[in-house]
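I am opening my notebook to look at charged side chains, one entry at a time. Please have the picture ready and follow along with me.

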Amino acid sequence: MKILETDRLIFRHLLPDDLDQLFVLYSDPEIRRYFPEGTLTYEETKEELEWFLNGHPKHPELGLWATILKESNQFIGRCGLLPWTIEGRYEVEVAYMIAKEYWRQGLGTEAAGAILQYGFEQLDLSRLICLIDPANDASRRVAVKIGMTFERELAEIDGDGLPTLVYSISK
């Protein structure tokens with residue numbers, strides 16, 4: 001089911017058939033270098049895929065979505081909106097992960113910008129954030145390009161022990 005569309009991308013719910021392509025992303029150390037849990041095994045990827053098949057279990061309007069390049073109908077990533085509770089406050093993160101062969105083409109910014117607009121206009125969210133590893137300059141640039149500003153640095157999220165930058169924007 002299509003959720004959202006841009007000039008070059010289609011976002012749809014993940015399908016069981018996406019597992020192999022998702023695993024390619026999740027098992028790549030370069031793509032996963034800024035994720036606290038690092039790369040995932042095939043079984044871990046399958047568990048995450050099953051978690052998001054129908055949107056986030058507690059917030060079905062949110063979740064991670066297959067990101068498809070229109071011109072080739074190729075699965076190139078997974079992007080979406082993720083709920084968090086950070087320091088007792090409900091937050092929704094704009095999340096994006098694009099296959100590295102598609103980096104530096106503006107697709108991350110296109111995806112994140114469309115997801116931000118969707119969150120504000122379709123879901124009537126009042127605030128969105130990006131959670132970014134301090135060393136991830138590319139994601140920091142994407143957050144700024146979609147209108148977010150640096151808000152603060154967290155010492156950790158969910159007990160992972162790693163610092164995380166919070167970028168945010170309000171409607």
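Is Asp-137 buried, partly exposed or exposed? I looked it up: Asp-137 is partly exposed, at a relative accessible area of 43%. My scale calls a residue buried under 20% relative accessible area, exposed over 50%, and partly exposed in between (1.4 Å probe, protein chains only). The areas come from the Shrake-Rupley method with a 1.4 Å probe, and for residues only the protein chains shown count as cover.

A note on the source: this is a predicted model, where local features need pLDDT of at least 70 and side-chain atom pairs count only at pLDDT 80 or more, while totals for chains, interfaces and linings use all residues. Residues are numbered from 1 along each chain as its sequence is written, and side-chain values use heavy atoms, with hydrogens and water left out.

**Entry 1**

I stayed with Asp-137 and found its side chain in a salt bridge with that of Arg-140, at 3.8 Å from N to O. A salt bridge here is a side-chain nitrogen of Lys or Arg within 4 Å of a carboxyl oxygen of Asp or Glu. Both residues lie in helix H4 (residues 137–145), three residues apart, about one turn of the helix. Helices (H or I, at least four residues) and strands (E, at least two) are DSSP runs, numbered from the N terminus. Arg-140 is partly exposed too, with 28% relative accessibility.

**Entry 2: pairs between parts**

I searched the whole structure and got 14 salt bridges. In one of them, Glu-30 pairs with Lys-100, and the closest N and O atoms are 3.3 Å apart. Glu-30 sits in the loop between helix H1 (19–26) and H2, and Lys-100 in the loop between E5 and H3, so this pair ties together parts 70 residues apart in sequence. I noted Glu-30 as partly exposed at 37%, and Lys-100 as partly exposed at 32%.

Next I checked Asp-124 and Lys-171, whose side chains meet in a salt bridge of 2.5 Å, N to O. Asp-124 is in the loop between H3 and strand E6 (127–132) and Lys-171 in the segment after E8, so the pair ties together parts 47 residues apart in sequence. Asp-124 is exposed at 56%, and Lys-171 is exposed at 56%.

I also found a network of salt bridges linking Glu-87, Arg-89, Glu-91, Arg-127, Glu-151 and Arg-152.

**Entry 3: patches of charge**

Which residues gather in a patch of positive charge on the surface? I found Arg-33, Arg-104, Arg-141 and Lys-145 there. A patch is made of residues with over 30% relative accessible area and no salt bridge, like charges being joined within 9 Å, and nonpolar side chains (Val, Leu, Ile, Met, Phe, Trp, Tyr) within 5 Å. Lys and Arg count as positive and Asp and Glu as negative, with His and the chain ends not counted. The place of a charge is NZ of Lys, CZ of Arg, CG of Asp or CD of Glu. Arg-104 lies in the loop between strand E5 (89–98) and helix H3 (107–121), and is exposed at 80%.

A patch of negative charge on the surface brings together Glu-43, Glu-44, Glu-47 and Glu-50. I located Glu-50 in helix H2 (residues 42–52), where it is partly exposed at 48%.
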